[in-house]
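This report walks through one protein structure for a reader who has not seen it before. Please keep the sequence and the 3D view at hand while reading.

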Amino acid sequence: MPLKAVILIGGPQKGTRFRPLSFEVPKPLFPVAGVPMVQHHIEACAKVPGLKEILLMGFYQPHEALSRFLAAAQQEFKIPIRYLQEYAALGTAGGIYHFRDQILAGGADAFFVLNADVCSEFPLQEMLDFRQQHGDTDSFVILGTTANRTQALNYGCIVANADTQEVQHYVEKPSTFVSEIINCGIYLFTPAIFQHIGQVFQRNQQELALEESSNGWQRAEVIRLEQDVFTALAGSGKLYVYKTDGFWSQIKSAGSAIYASRLYLNQYSQSHPERLAQNKPGGPIIRGNVYIHPTASVDSTAVLGPNVSIGEGVTVGAGVRIRESIILHGASLHDHTCVLNTIVGWDSTIGRWARVEGTPSDPNPNDPYAKIDSETLFRDGRLTPSITILGCSVTIPAEVVILNSIVLPHKELSRSYKNQIIL
Amino acid sequence: ATCPRRWRPPCASRSSGSASASPCPTRRSRWAQRLSDSRRPGAVVAPGTPRRAQAAPGPRLGCPRPRGDTDSRAAGPLALARDLLAEGGEPFFVLNSDVICEFPFAALARFHRQHGGEGSIVVTRVEEPAKYGVVVSEPDSGRICRFVEKPRVFVSNKINAGLYIFSPGILQRIQLRPTSIEKEIFPAMAQDGQLYAMELQGFWMDIGQPKDFLTGMCMYLQALRAQHPEKLHSGPGVVGNVLVDPSAKIGANCVIGPNVTIGAGVVVEDGVRIKRCTVLQGARIRSHSWLESCIVGWSCSVGQWVRMENVTVLGEDVIVNDELYLNGANVLPHKSIAESVPEPRIIM
């Protein structure tokens, strides 16, 4: 049966927690485990038999990097991929409603909707099978996973019938505990969803007509799947949840990009073992899962890993130690540097014996359902210790220490910094 | 050696500048032995003719440690050693061991014989005299008029450098009880016109605190460069004044210095950068680490890719795990450090 997939990639106003990395490249193209974030979604979709087309939807202006990526991805995965640009930020449902004709073109009788900023095992076939068993041809499926009681409040919470898995209640980011099952941001819809979204649209228009136009930015077309559609659909017998125990994480901040990298790198041992670097004579020492782009040049005395991604054209000098970090294209790490829990921006340079270190914000490893916190930038007036980020073309001099800091692009530092944002 | 009070909390207290015959038994003997690589004179009360303390370990060097209680005031122990010191009727030196300078023993002895008084003190000029004992003396003769310990207002910028020579007559002044030389004996001698000051040439530093110890080390190395440059280390990767024990091993691609002293049997692995540090005997610094302004204690092991700075002090036998960052950490002996110390603190 003809299937399609829609990947919601957002736009420049979204993903502000990803700055300064999102200044250079749209967040969905940020490399996680060596490939752009959204490529993991595309790979998973391409594996589903019968999936005919992938539509990327967002409100980024036409972007060279995006077009190049799409062209390359089409070639590699042999599946049509298009970018549909929303004329404004229309919310998670507004966009698909606006483009409903495109989505349904070709007689699609079901389609996936995936948020680009999640990292997942993408059990898409399992969701299809689940729908066969549990619902009817017009029911919708949300992918859900388990969180711990405190963290569940940060997500969409789902209460489901234990036998039928029908969603009885849905609340987005409640203030009191509702359920440990949370919304993963991956859905399976049928064309019938557009009726429900349409109803929300009508209602919005009526409300707006009643209100005096106090807020000019309010648009009837801005519709959110979570708050507006799911909340209404809960208990109607049409919405089901498929629970997964596979890995899942949001990618909202730079720290979560490193965590997501680790999850995908772990998956590579089964899905893409060729992407993992191996210990070879004459090569660097590899510990754990490491991705090294073929054009990178890494000295044989360097020690990399666990959880390291080395991008295109990167140079890593003698005696360098990198751990839990992402090194983006063109960066250069001189001899004896130590890079821990850091994202090193495109074309940056780190001088000899420098130490660039961040603080990981990983979820509690003892709690199987713990999720990564998207912590606030400041707490009690101080910068919360977090992953160190070097923006694009940053220069770090030799022998300094950069600890828990964010350095904006094109900065040339001259001394050590700790716990600071350097403009 | 004096009880290194400012290095470790639990040691018995003593006042600064006091002479070092104090019995703080185990600490003292080990300290005296251990700092041999930085060439500090041990605590010596050296009777007889003046001689450089470290030059000849002859029979007259040192004396049986006067047995007494653990009181660390200066003068008391001198009284205990009265018989030994008075024997021979010659002047004797008293040195404060946590001081570093060029030790002008010959000049001091000459100065002392010339004026014929009971005691001579070496004084040095400092920027902040209020931290020390200040000396006011006549410019020509050097006779000391007044002796003021830690004055509250500016009196003079010459301070007591902790290096004395006394004639045996002084022993009459000291009773067998806890006595502070600076507070009780010197003022009385000054009033009697029996105390003279000789100004020190060259560098001087009170090295009681780790920070000052490193400064003193730099000064010492600088003086060594001027007088005995052949004793300093040179070669690829050596920058500035560096002193390396012949039994130490330094790896490839290191950059050592300026102002580094490396003790006996130390192993520095490849790719290490060390600046302004003292590395004591038997320590091992593993590859790719970076050290600045540190004191690495005896037999320590510093891991790979470690960064230590800002007067980090490691006591004896401390292990620092790989890839850590220590900023101003004071680590007590036999500890294992498994986590970074990003802000200065003491690790017990």
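## Chain B as a whole

The structure is a predicted model. Chain B contains 6 helices and 27 strands. Of the 348 residues in chain B, 55% are buried. When contacts in chain B between residues at least 6 apart in sequence are considered, 42% join residues at least 24 apart.

## A parallel sheet in chain B

Strands of a sheet pair through backbone hydrogen bonds, in either a parallel or an antiparallel sense. In chain B, an open sheet of 5 strands runs in the order 12-15-18-21-24, with parallel pairing. Strand 12 (255-256) and strand 24 (325-327) of chain B stand at the edges with a single partner strand each, so one side of each has no neighbour in the sheet. Within this order, strand 15 (residues 273-275) and strand 18 (residues 290-292) of chain B form a parallel pair over 3 bridges. Arg273(B) stands opposite Trp290(B), which belongs to strand 18 of chain B.

## A covered strand in chain A

Is strand 8 (residues 140-146) of chain A mostly covered or mostly uncovered? Strand 8 of chain A is mostly covered, with 7 of its 7 residues buried. This holds for both faces of strand 8 of chain A: Phe140(A), Ile142(A), Gly144(A) and Thr146(A) are buried on one side, and Val141(A), Leu143(A) and Thr145(A) are buried on the other.

Strand 8 of chain A pairs with strand 12 (residues 239-243) of chain A in the parallel sense, over 5 bridges. In that strand 12 of chain A, Tyr242(A) is the bridge partner of Leu143(A). Strand 8 of chain A also pairs with strand 11 (residues 181-189) of chain A, in the antiparallel sense and over 5 bridges. Here the bridge partner of Thr146(A) is Ile181(A), in strand 11 of chain A.

## A buried loop residue

Ser386(A) sits in the loop between strand 28 (382-383) and strand 29 (388-390) of chain A. Ser386(A) has a relative accessible area of 14%. Buried means under 20%, so Ser386(A) counts as buried. The C-alpha atom of Ser386(A) is separated by 9.3 Å from that of Glu357(A), a residue 29 positions away along the chain.

## Where the two chains meet

How many residues of chain A are in contact with chain B? There are 19 residues of chain A in contact with 19 residues of chain B. Between them, chain A and chain B bury about 1,500 Å², of which 48% is on carbon and sulfur atoms. On the side of chain A, the residues that lose the most area to chain B are Trp353(A), Arg355(A) and Glu399(A), together 42% of what that side buries.

Across the interface of chain A and chain B, 14 residue pairs are in polar contact. Strand 20 (321-323), strand 23 (338-340), strand 26 (355-357) and strand 31 (401-403) of chain A each give two or more residues to the side that touches chain B. The salt bridges between chain A and chain B number 4.

## Salt bridges

Side chains of opposite charge can pair when their charged atoms come close. Over all chains, the whole structure holds 22 salt bridges. Three of them are listed here.

| Salt bridge | Closest N and O atoms |
|---|---|
| Arg321(A) and Glu323(B) | 2.5 Å |
| Glu269(B) and Arg284(B) | 2.6 Å |
| Arg307(B) and Glu309(B) | 3.0 Å |

Arg321(A) forms its salt bridge with Glu323(B). Arg321(A) lies in strand 20 of chain A and Glu323(B) in the loop between strand 23 (319-320) and strand 24 of chain B, so this pair joins two chains. Both Arg321(A) and Glu323(B) are buried.

Glu269(B) forms a salt bridge with Arg284(B). Glu269(B) is in the loop between strand 14 (267-268) and strand 15 of chain B, while Arg284(B) is in strand 17 (residues 284-285) of chain B, 15 residues apart. Glu269(B) is buried, at a relative accessible area of 17%, whereas Arg284(B) is partly exposed at 34%.

In the pair of Arg307(B) and Glu309(B), both residues are buried. In chain A, salt bridges that share partners join Lys4(A), Glu53(A) and Arg82(A) into one network.

Terms used. Residues are numbered from 1 along each chain as its sequence is written. Chains are lettered from A and ligands numbered from 1 in the order in which they are written. This is a predicted model: local features need pLDDT of at least 70, side-chain atom pairs count only at pLDDT 80 or more; totals for chains, interfaces and linings use all residues. Side-chain values use heavy atoms; hydrogens and water are left out. Helices (H or I, at least four residues) and strands (E, at least two) are DSSP runs, numbered from the N terminus. Buried means under 20% relative accessible area, exposed over 50%, partly exposed in between (1.4 Å probe, protein chains only). Contact means heavy atoms within 4.5 Å. Two strands pair if DSSP finds at least two bridges between them. Buried area is the accessible area (1.4 Å probe) that two parts lose on being put together, summed over both. A salt bridge is a side-chain nitrogen of Lys or Arg within 4 Å of a carboxyl oxygen of Asp or Glu. A polar contact is a pair of N or O atoms within 3.5 Å; within protein, one must be able to donate a hydrogen and the other to accept it, and residues adjacent in sequence count only if both atoms are side-chain atoms.
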